[in-house]
Number of protein chains: 2
Amino acid sequence: MAASKGSRIASLILRVLTFILIFISLLIIATNSKTILQGTVSETKVEFKDFYSYRYLLAAAVIGAALSLLQIALAIYSLVTKGEGTPLFDLFSDKFLSYLLLSAASAGLGAGIDLRVSFKELVGNFFNSFFDKGSAAAAILLIAFFCAAIVSILSSLALIRKP
Amino acid sequence: MAASKGSRIASLILRVLTFILIFISLLIIATNSKTILQGTVSETKVEFKDFYSYRYLLAAAVIGAALSLLQIALAIYSLVTKGEGTPLFDLFSDKFLSYLLLSAASAGLGAGIDLRVSFKELVGNFFNSFFDKGSAAAAILLIAFFCAAIVSILSSLALIRKP
């Protein structure tokens, strides 16, 4: 049932890459804000908190980063001890992680792109940069999803026993 | 490599259910529109076409329905002929289908929920029913995703050879 060493090392590298991408996306979305002066006194501030999709994206990124770290720790442990690894845990956690990242990235991109258009029509160009940064964070999470999806395919194929 | 008959029949039932749910979602999103009278002469009509997320949802639902039909045909064929089935095609097509449905559902829900809030603040309650129908279509697609995800887990586990 054990996967080949090459495929394990490839998975480990992709998992580290996934974690780094999630972390970058997390930083961008959490620091994204835009303040607009209305007249000279009052001002409006928009943050990720004001949109459900960006809140979901942040929550998913935090959970994804934690799960990703756990996977990296397990993978390094089984590489160092030359153990059997955890093929079934890998199978399910990779599926879960890839679904989580994909849904957060899709929600962020979907909301960001359509909100940008609607705000532009209704309010003006003030919020363009805010939504551009939000979409950038979601796009980075989408790349993290692609890494996680490749790992997920590798961990499915690792279940095929060699004769 | 062949999966047990019970798991094959369970997969087939879930695939049929997936197809039906995709089809319902498709009908709801394609027929969703809202016309608002502005004064007595001009009127504004919103349709799924006006939002990128709903366009993507529709496109994904069409591709998903076609792929789902192909899977059902192959599953029935291999059940009737008592053949080996197509485990690797199932593995990859199930992964692709579940990713497609999840990303479309997430984009639709993310955009629908946040647009509803923004339109309510900026324009009023006119478009609530439009976005509610859009979110309903996306939620049905999310249920279709859950069916596809279970099938995907079954087809991953089917790769484990029995001793």
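Mentor: A salt bridge is counted here where a side-chain nitrogen of Lys or Arg lies within 4 Å of a carboxyl oxygen of Asp or Glu. By that rule the structure holds four salt bridges over all chains. This is a predicted model, in which local features need pLDDT of at least 70 and side-chain atom pairs count only at pLDDT 80 or more, while totals for chains, interfaces and linings use all residues. Residues are numbered from 1 along each chain as its sequence is written, chains are lettered from A and ligands numbered from 1 in the order in which they are written, and side-chain values use heavy atoms, with hydrogens and water left out.

In chain A, Arg15(A) pairs with Asp94(A), their closest N and O atoms being 2.8 Å apart. This pair links distant parts of the chain, with Arg15(A) in helix H1 and Asp94(A) in helix H3, 79 residues apart; helices are DSSP runs of H or I, at least four residues long, numbered from the N terminus. Buried means under 20% relative accessible area, exposed over 50%, and partly exposed in between, with a 1.4 Å probe and protein chains only. Arg15(A) counts as buried because its relative accessibility is 5%, and Asp94(A) is buried at 2%.

A further salt bridge joins Asp132(A) to Arg116(A), again with closest N and O atoms 2.8 Å apart. Here helix H4 supplies Asp132(A) and helix H3 supplies Arg116(A), 16 residues apart. Asp132(A) is partly exposed at 37% relative accessibility, and Arg116(A) is partly exposed at 26%.

In chain B, Arg15(B) forms a salt bridge with Asp94(B), the closest N and O atoms being 2.8 Å apart. Arg15(B) lies in helix H1 (residues 5-31) and Asp94(B) in helix H3 (residues 87-122), 79 residues apart. Both Arg15(B) and Asp94(B) are buried.

Between chain A and chain B the count is zero salt bridges. The elements of chain A that give two or more residues to the side touching chain B are helix H2 (52-80), helix H3 (87-122) and helix H4 (128-157). H3(A) gives the largest share, 19 residues. Contact, meaning heavy atoms within 4.5 Å, involves 33 residues of chain A and 33 residues of chain B.
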